[in-house]
Structure formats: C-alpha cells, structure tokens
Amino acid sequence: MADDDTATTSTRSGPGVVLVALYGLLALAATGRSILQITEYFDRARLAYLLSALAAVIYVVATVALARGDRTSWRVALVAISTELVGVLTVGLASYLAPSAFPDKTVWSHFGSGYGFVPLVLPVLGLLWLRRVNQRSVTQLPGGTPGSAGRS
C-alpha cells in the first residue's frame, strides 16, 4: 500500500512524467547550446554564455529531482525550479535592457524566445505541479498538516 501512496503523490506520476521529459529535453538542448557557445564564441558574450551553462545545470538538476520523486528530491526540485524562474525573468529582462550583453540567443535571453518561450512557461508549470503533489501528499497522510509533506 505504501507503494500506491508514493505513486499517487510522486512528482513522477501523471503530468509529472511530461514535465520530466520536457526538462530532460531542455537540459540536453541548453547543455549542447552552451557548450557550443562557450567553445566557439566565448569572447562575444562571456556572461551570457556562462548563464546559459548555469541554466543547463539547473535543468539537469530539476530533471533528476523530478524523476526521482522522493521527498528530498521534491525539495531539490523546488529550489531548482524556483531558481530557474528567477533566472529566466532576470536574464530575460536584462537581455532587453542591455542587448549588447546578449548578442546571440541563449536559453534564458529574451525570456526564452529562442526556445519558443518554453523556459518561461516550464518553471511556472513545474511549480504548480510541485504544489499539487505536495497538497496531495498532505491529504493522504494521517493527521497531515499543510506544509508537512514533501519534507524529510
């Protein structure tokens, strides 16, 4: 029965499977692009390309945390996805305010326009999913209190 409870409250169930796939795809795309930009064009925009590499690392961490689906991973995913949202909003705004610092598209520049704005939408969906999973696990725990789930 414990396995059933874990399955219904895991980040890797239901829509979480799609999120894991999307994060994995974005992790691969961002990693590939940042490696290319750093190895070939680093002198053009060092900060922008380093931020792109940071985004790739955050996507990898979020992918693994969401795929694992345990309580500790829930926390790791929450931090990674929250950091991702702050990053895409900050870099997105900076890329419009200081366009010369972002001469080429990076994963977070222009709010992820080079990736169909997926980097802007994905963390919002990820945070909503984490919230839903957390709420579900609270209702399934005997005597559960808000905020007690997803914690080890």
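**Entry 1: where to be careful**

Over which residues does pLDDT stay under 50? I began there, since this is a predicted model. The stretch is residues 1–8, and for it the model has five contacts beyond four places in sequence. I then looked up confidence by element: helix 1, residues 2–9, has the lowest mean pLDDT among the elements, at 46. Helix 4, residues 71–97, has the highest, at 97. For the chain, the mean pLDDT is 87, and 82% of the residues reach 70 or more. A reminder to myself: where pLDDT is low, predicted coordinates should not be read in detail.

**Entry 2: the overall layout**

I counted elements next and found five helices and zero strands. Along the sequence I read the pattern as α-α-α-α-α. The chain has 152 residues, and 38% of them count as buried. I also checked how far contacts reach: among those between residues at least 6 apart in sequence, 65% join residues at least 24 apart.

**Entry 3: helix 2 with helix 3**

I turned to helix 2, residues 15–41, and its packing on helix 3. Their axes are 8 Å apart, and the angle is about 155°. With that angle, helix 2 is roughly antiparallel to helix 3. I noted the crossing of helix 2 and helix 3 as left-handed.

Which residues of helix 2 and helix 3 meet? From helix 2 I listed Leu19, Val20, Tyr23, Gly24, Leu26, Ala27, Ala30, Thr31, Ser34, Gln37, Ile38 and Tyr41. Facing them in helix 3 I found Tyr49, Leu50, Ser52, Ala53, Ala56, Tyr59, Val60, Ala62, Thr63, Leu66 and Ala67. Sorted by class, the residues of this contact are 17 nonpolar, six polar and no charged.

**Entry 4: helix 3 with helix 4**

Helix 3 spans residues 46–68, and its axis comes within 8 Å of the axis of helix 4. The two cross at roughly 150°. An angle over 145° counts as roughly antiparallel, so that is how I describe helix 3 and helix 4. Their crossing is left-handed.

On the helix 3 side, I wrote down Leu51, Ile58, Tyr59, Val61, Ala62, Ala65, Leu66 and Arg68. Helix 4 brings Ser73, Val76, Ala77, Ala80, Ile81, Thr83, Glu84 and Val91 to the contact. I sorted the residues of this contact too: twelve are nonpolar, two polar and two charged.

**Entry 5: the loop between helix 4 and helix 5**

Helix 5 runs over 118–140, and I looked at His110 in the loop between helix 4 and helix 5. His110 is not a glycine, yet has a positive phi of about 50°. Buried or exposed? His110 is buried, with a relative accessible area of 17%.

Phe117 lies in the loop between helix 4 and helix 5 as well. This residue, not a glycine either, has a positive phi of about 65°. Phe117 is partly exposed, at a relative accessible area of 40%.

Last, I checked Ser109 in that loop between helix 4 and helix 5. At 1% relative accessibility, Ser109 counts as buried. What is Ser109 in contact with, leaving aside its neighbours within four places in sequence? I found Val91, Ser95, Phe102 and Asp104.

How values were computed. Residues numbered from 1 in each chain as written. Predicted model: local features only at pLDDT ≥ 70, side-chain atom pairs only at ≥ 80, totals over all residues. Heavy atoms only, no water. pLDDT = per-residue confidence, 0-100. Helix = DSSP H or I, 4+ residues; strand = E, 2+ residues; numbered from the N terminus. Contact = heavy atoms within 4.5 Å. Axes fitted to C-alpha atoms, helices over the stretch in contact; angles between N-to-C directions. Parallel < 35°, antiparallel > 145°, perpendicular 65-115°, else oblique. Left-handed = near helix turned anticlockwise from the far one by under 90°. Nonpolar A, V, L, I, M, F, W, Y, C, P; charged D, E, K, R; others polar. Buried < 20%, exposed > 50% of the residue type's maximum accessible area, 1.4 Å probe, protein only.
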